Amino acid sequence: MSKPENPLKMRHKFLDFLYWNLVVSVPFITACIAIGKNSILWLISYIIISILLVAVLYKFYCTHCPHYIQRDKTLKCMFFWGVPKFFKPESAPLSFLDKAVALVTTLIIVLLPFYWLWLQPGLLVIYLLSVGVIATTLKRYECRRCTYFQCPSNSVPEDLQ
């Protein structure tokens with residue numbers, strides 16, 4: 001008889017990374033199309049702002065994650081694979097500032113393209129549905145198995161922590 005599988009996700013696989021990056025690419029590309037139809041300059045600005053905000057998330061949020069704290073020289077998680085660990089790992093729980101920065105940067109990334117999406121209702125619907133899929137899929141399939149217990153979204157039962 002085989003051992004029962006650990007309900008917690010101790011390590012991510014490369015396929016996790018591919019899956020989540022494909023899922024995240026749908027709203028991102030949808031936003032890029034909406035913005036690009038109106039202004040190439042704003043499209044370039046949106047891409048640069050998104051990259052910078054993801055770097056801010058990486059610094060304030062990811063450095064506390066158990067996947068970041070592992071001894072590997074590069075990060076192997078569902079969103080970043082092979083990215084060097086530029087910052088010192090933080091084993092302390094998320095501070096109020098860390099949580100606020102993570103929330104605000106995520107909101108900016110999600111809300112920034114709304115003006116251009118509003119001008120194109122079909123793309124707005126695709127964008128909203130795809131963001132909804134990301135949020136519900138994360139909560140349903142990742143947050144219930146995540147070892148990042150200090151994360152505000154973590155929903156692992158206490159008896160498994």
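This is a predicted model: local features need pLDDT of at least 70, side-chain atom pairs count only at pLDDT 80 or more; totals for chains, interfaces and linings use all residues.

Trainee: In what order do the elements of the protein run from the N terminus on?

Mentor: Helices (H or I, at least four residues) and strands (E, at least two) are DSSP runs, numbered from the N terminus. From the N terminus on, the order here is α-α-α-β-β-α-α-α. Residues are numbered from 1 along each chain as its sequence is written, and side-chain values use heavy atoms, with hydrogens and water left out.

Trainee: What box do the C-alpha atoms fill, and what share of the residues counts as buried?

Mentor: Taken along the principal axes, the box is roughly 55 × 35 × 30 Å. Buried means under 20% relative accessible area, exposed over 50%, and partly exposed in between (1.4 Å probe, protein chains only). Of the 161 residues of the protein, 34% count as buried.

Trainee: What share of the contacts with a separation of 6 or more joins residues 24 or more positions apart?

Mentor: Contact means heavy atoms within 4.5 Å. Residues 24 or more positions apart account for 63% of the contacts in the protein with a separation of 6 or more.

Trainee: How is a pair of packed helices described?

Mentor: Two packed helices are described by the angle between their axes and the distance between the axes. Axes are lines fitted to C-alpha atoms, for helices over the stretch in contact, and angles run from 0 to 180 degrees between N-to-C directions. Helix H1 (residues 14–36) packs with helix H6 (residues 121–142) at an angle of about 160 degrees, and their axes are 9 Å apart. That makes H1 roughly antiparallel to H6. As for the cut-offs, angles under 35 degrees count as roughly parallel, over 145 as roughly antiparallel, 65 to 115 as roughly perpendicular and the rest as oblique.

Trainee: Is the crossing of H1 and H6 left-handed or right-handed?

Mentor: A crossing is left-handed if the near helix is turned anticlockwise from the far one by less than a right angle, and right-handed if clockwise. H1 passes H6 in a left-handed crossing. By class, the contact of H1 with H6 has 15 nonpolar, 3 polar and 1 charged residues. Ala, Val, Leu, Ile, Met, Phe, Trp, Tyr, Cys and Pro count as nonpolar, Asp, Glu, Lys and Arg as charged, and the others, Gly among them, as polar.

Trainee: Which residues does Ser130 touch, not counting residues up to four places away in sequence?

Mentor: With that exclusion, Ser130 touches Val26 and Pro27. Ser130 lies in helix H6 and is buried, with a relative accessible area of 9%. The C-alpha atoms of Ser130 and Val23 are separated by 7.7 Å, although these residues are 107 residues apart along the chain. Thr137 also lies in helix H6 and is buried, at a relative accessible area of 13%. Not counting residues up to four places away in sequence, Thr137 touches Tyr19, Trp20 and Glu142.

Trainee: At what angle do H1 and helix H2 cross?

Mentor: The axes of H1 and helix H2 (residues 40–60) cross at roughly 150 degrees and come within 8 Å. H1 and H2 are therefore roughly antiparallel to each other. Their contact has 9 nonpolar, 2 polar and no charged residues. Ser50 is found in helix H2 and is buried, with a relative accessible area of 6%. Beyond residues up to four places away in sequence, Ser50 touches Phe28 and Ile109.

Trainee: How many disulfides does the structure hold?

Mentor: A disulfide is a pair of cysteine sulfur atoms within 2.5 Å. The structure holds 0 disulfides. For Cys62, the nearest cysteine sulfur is that of Cys77, 6.0 Å away. Cys62 is buried, with a relative accessible area of 13%. For Cys143, the nearest cysteine sulfur is that of Cys151, 6.0 Å away. Cys143 counts as buried at 13% relative accessibility.
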